[in-house]
Amino acid sequence: MVFKSYMNQALEQARAAADRGEVPVGAVLVAPGGAVVAAAGNRTRELNDPTAHAEMLVLRAGCAAAGSERLPGYALYVTLEPCAMCAAAIAAARIARLCYGAADPKSGGVAHGARVFTHPQAPHVPEVIDGLSAPDAEALLKQFFALRRQG
């Protein structure tokens, strides 16, 4: 099996989020077979919704398209390590593979913080691939927050 990364599309979503004034995080949901089912960037400010993280938006869209609350066999690409809320939703959705870019020592929930997938209560543990396009994702985040501090 050949691995294909969809991280460039997730980075495009992150850049679009930054252009909207949102924290630049992007996500892409890929069905078994490689079709992109959903792509989104953060929209927490736009929607006045603290749960409108990129991951949550693509999971909602993917579940709606599949007509199911579970997405076995699907892969999720995210530019930043998911927080505990998103990691729990990823486990609940039974995502097969999670690929993310930048680590998030402050708010991450996969390799840092809550480490959701290591808990015995986790209903499912996806394959995790970290560090994909990490320098690009980190640069987007650093630039976004540097501009916020200046202005």
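Mentor: Helices (H or I, at least four residues) and strands (E, at least two) are DSSP runs, numbered from the N terminus. This is a predicted model, where local features need pLDDT of at least 70 and side-chain atom pairs count only at pLDDT 80 or more, while totals for chains, interfaces and linings use all residues. Residues are numbered from 1 along each chain as its sequence is written, and side-chain values use heavy atoms, with hydrogens and water left out.

Trainee: How do you know that Glu81 has no salt bridge?

Mentor: A salt bridge needs a side-chain nitrogen of Lys or Arg within 4 Å of a carboxyl oxygen of Asp or Glu. For Glu81, the nearest side chain of opposite charge is Arg115, 7.0 Å away. Lys and Arg count as positive, Asp and Glu as negative, and His and the chain ends are not counted. Glu81 is buried, too.

Trainee: What makes the pairing of Glu81 and His112 a polar contact?

Mentor: Their side chains come to 2.7 Å. The rule asks for a pair of N or O atoms within 3.5 Å; within protein, one must be able to donate a hydrogen and the other to accept it, and residues adjacent in sequence count only if both atoms are side-chain atoms.

Trainee: Which pair has N and O atoms 2.4 Å apart, and why is that called a salt bridge?

Mentor: That's Arg43 with Glu46. It qualifies because the cut-off is 4 Å. Arg20 also forms a salt bridge with Glu46, at 3.5 Å between the closest N and O atoms. That pair links distant parts of the chain: Arg20 is in the loop between α1 (7–19) and β1 (26–30), and Glu46 is in helix α2 (residues 44–47), 26 residues apart. Arg20, Arg43 and Glu46 are therefore linked in a network of salt bridges. By this rule the count comes to 3.

Trainee: What about Arg97 and Glu127?

Mentor: Those side chains meet in a salt bridge at 3.0 Å, N to O. Arg97 sits in strand β4 (residues 97–102) and Glu127 in strand β5 (residues 127–130), 30 residues apart.

Trainee: Why is Arg97 called buried, but Glu127 partly exposed?

Mentor: Buried means under 20% relative accessible area, exposed over 50%, and partly exposed in between (1.4 Å probe, protein chains only). Arg97 has 18%, so it is buried. Glu127 has 41%, so it counts as partly exposed.

Trainee: And what makes Gln13 partly exposed?

Mentor: Its relative accessible area is 22%, so Gln13 falls in the in-between class. Gln13 is found in helix α1. Gln13 and Gly41 are 28 residues apart in sequence, yet 4.8 Å apart in space, C-alpha to C-alpha.

Trainee: How do you know that Gln13 is in contact with Gly41?

Mentor: Contact means heavy atoms within 4.5 Å. Leaving aside neighbours within four places in sequence, the contacts of Gln13 are Val25, Gly26, Ala27, Ala39, Ala40 and Gly41.
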